[in-house]
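Please consult the sequence and the model shown below while reading.

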Amino acid sequence: MTDTPVGRRTVLIASGAAAATFAVAAAAPETSVRTEPVAAAAVCTLTKEMTEGPYYLDGQLVRSNIAEDKTGIPLKLALTVVDDDTCAPLSNALVELWHADALGEYSGFVGNNGHDEPDNGTFLRGGILTNSSGIANITTVYPGWYRGRCIHIHIKVHTDVTLTSDGSFTGGQELHTGQLFFDEAITTRVAALSPYSTNTVPRTTLAQDSIYDEGGAASGLLTLTALGSTTSAGYAGRLTLGVERG
């Protein structure tokens, strides 16, 4: 099934060369060395919210590792949640993820991408509370692809949830629904390795995708850093996501 976008807004923090910088005024005499810019001011950039898609399931586990027994290229995510008005980090916000395995199958819906495998309804699903710095650290595997969509991860951000005795959560307020995307050059290398290479469905590229709008980080494109010298060693992915608290 092909997702369609929706219009509610969120924000991301942009930094680096494109961010505004400021200089420190020198109080020393004219002969002193000129002071260069030393810091960058945070700039909030508006971005679209993305559709939930057809594969969401309620009541998933609160846990930092959602991979379970799924094989694939390691992926360690550090997702920072901030208030879009103040750019201050949001602690104790629950960041929930779900995505396809290497064969493009979602738990709870195995077979929709044409592959037969065990389905426990929980693999590659779950969430974790942000720490005092607003960061959610989640370990998973690099996603696979399904027909009509590029490789992506679905994400929701909730606040004021109640943790339950069965390891899940309930209640709270949903602040954001979006998707995370991956650099096409890295995806091409990952797709050539097993088990991804056994996915029999043609792969849609980032440029061909109907949801991603070439907006970079403002549209959920992760910054990926290699964890080792080979593709199979995996990647660290990070993104700073601002949300409207309502």
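## Terms and basis

A residue counts as buried under 20% relative accessible area, as exposed over 50%, and as partly exposed in between, with a 1.4 Å probe and protein chains only. The model is predicted, so local features need pLDDT of at least 70 and side-chain atom pairs count only at pLDDT 80 or more, while totals for chains, interfaces and linings use all residues. Residues are numbered from 1 along each chain as its sequence is written, and side-chain values use heavy atoms, leaving out hydrogens and water.

## Aromatic rings

Rings of Phe, Tyr and Trp (its six-membered ring) pair if their centres lie within 6.5 Å; planes under 30 degrees apart are stacked, over 60 edge-to-face, and the rest tilted. This rule gives 8 aromatic pairs.

Phe109 is partly exposed, at 22% relative accessibility, whereas Tyr55 is buried, at 6%. Tyr55 and Phe109 also belong to one aromatic cluster with Tyr106 and Tyr146.

## Charges over rings

A charge sits over a ring if NZ of Lys or CZ of Arg is within 6 Å of the ring centre and within 35 degrees of the ring normal. The charged end of Lys70 is placed in this way over Phe123, 4.1 Å from the ring centre. Lys156 lies over the face of Tyr56, with 4.9 Å to the ring centre.
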